[in-house]
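Take the model below and follow it from its pockets to its strands. Keep the structure in view as you read.

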Amino acid sequence: MASSSARKLPECWGHRGASAAFPENTLASFERAIRDGAEGIESDVHVSRDDVVLMFHDPTLERTTNGKGKIKEQNWYGPDGMQHLRTKAKPEQSIPTFPETVELLMKPENRHATFNVDVKVFSEPLHLFTLMHKTISEVPGWQTELAPRILLGLWHPRFIPYAKSILPYCKRSFIGVSPSIAREYFWDSCDVFSINFYVLASWEGQRFLQECKEAGKKVMAWTVNEPVQMIEATRWGVDVILTDNTKTWLDLRATLRTDYDKILAEHSSLFLWTSPRYYFPLRRMWQNTVSSILQKEGGPFKKSDEYGVEASAAVAATGTVKA
């Protein structure tokens, strides 16, 4: 049996950065996660009306900033542009752009960090990925210093052929709450599967986790914020823990390296029966709701190769060239 110090433990990736310490999806949050020692950061992307890619979770501004309205309907630049908005949470921060985030990640001290880009279904993949490619390909040494560190997180299979055509140098992951959708539509196109913690805790999730292990595919658990959840995800053998509380997981991980078996033995799995979120009816209702939203925004689920003709024609029409 491997010693505690030699045992491979899940990596720490900051969910929207170190979002428990700084406003989510801000440069301060990203930098704090990396300074804490996280191996990666996760963030979301949207596109403004004047073609600026923003790091932002919601399609609208109200929840986290002093702005209002849909991002895609507003400009970034100009006197009323989103560049002037600030977060409601303190300390107040501006919304970072994708180029600004890439610049942060290209600092010498940050070049070890993985960048997990959560691609929301509200975006148009051809437009978004073309803008992202332009930013990535303008970075000196991007082929070796940046591209291998970018992981595209995809919710809808329609996005797969566009990612393959426009950003073929980026690794791809499935993000979602349904192992059956992951298995049916994403299995052959993704090497990483990012699954919600509550889903992974189910028999369905555990079976899928085992399938991934047997196939050599990595599994990420999100969003894992409580120490008992972190211990449980470690017990399952996931590869990455996505958390708002980067320092909490990093400190706990350091402790696990000193006495893995003892610490795991001290933490029971009984908490998995204490919340309705772990029970089948509520979980299935949630999965169905998410599936309905994804198909309403992105169209019916189909195999990615069925979207291939659409994607090829769209890419060819714009003159987008494969990298």
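Which residues lie nearest the centre of the second largest pocket? They are W13, L151, K171, V192 and K218, out of 20 lining residues. The model is predicted, so local features need pLDDT of at least 70 and side-chain atom pairs count only at pLDDT 80 or more, while totals for chains, interfaces and linings use all residues. Residues are numbered from 1 along each chain as its sequence is written, and side-chain values use heavy atoms, with hydrogens and water left out.

The second largest pocket holds about 370 Å³ of space. A pocket here is an open set of points on a 1 Å grid over the protein atoms alone, where a 1.4 Å probe fits, with protein on both sides within 12 Å along at least five of seven lines; lining residues have an atom within 4 Å of a point. Its volume is the space filled by probe spheres set on the points, which are joined across faces, edges and corners. β1 (11-15), β5 (150-154), β6 (171-176) and β8 (218-222) each give at least two residues to this second lining. Strands are DSSP runs of E, at least two residues, and helices are runs of H or I, at least four, numbered from the N terminus. Asp, Glu, Lys and Arg count as charged; Ala, Val, Leu, Ile, Met, Phe, Trp, Tyr, Cys and Pro as nonpolar; the others, Gly among them, as polar.

Now turn to the largest pocket. Its space is about 470 Å³. Of its 22 lining residues, H57, K120, W155, W222 and V290 are the closest to the centre. Two or more residues each come from β2 (40-47), β4 (114-119), β7 (192-196) and α12 (280-298). α12 gives the most, with four. The lining has 11 nonpolar, six polar and five charged residues.

Next, look at β9 (residues 240-243). V240 and L242 on one side and I241 and T243 on the other are all buried (under 20% relative accessible area, 1.4 Å probe, protein chains only). β9 pairs in the parallel sense with β1 over four bridges and with β8 over two; pairing takes at least two DSSP bridges. I241 is the bridge partner of C12, and A221 also stands opposite I241.

Finally, the record. UniProt lists residues 10-253 as "domain: GP-PDE" in an unreviewed entry. The span is 35% helix and 19% strand, and its end C-alpha atoms lie 8 Å apart.

Notes:
Buried < 20%, exposed > 50% of the residue type's maximum accessible area, 1.4 Å probe, protein only. UniProt positions renumbered as here; feature names shortened; annotations may be inferred.
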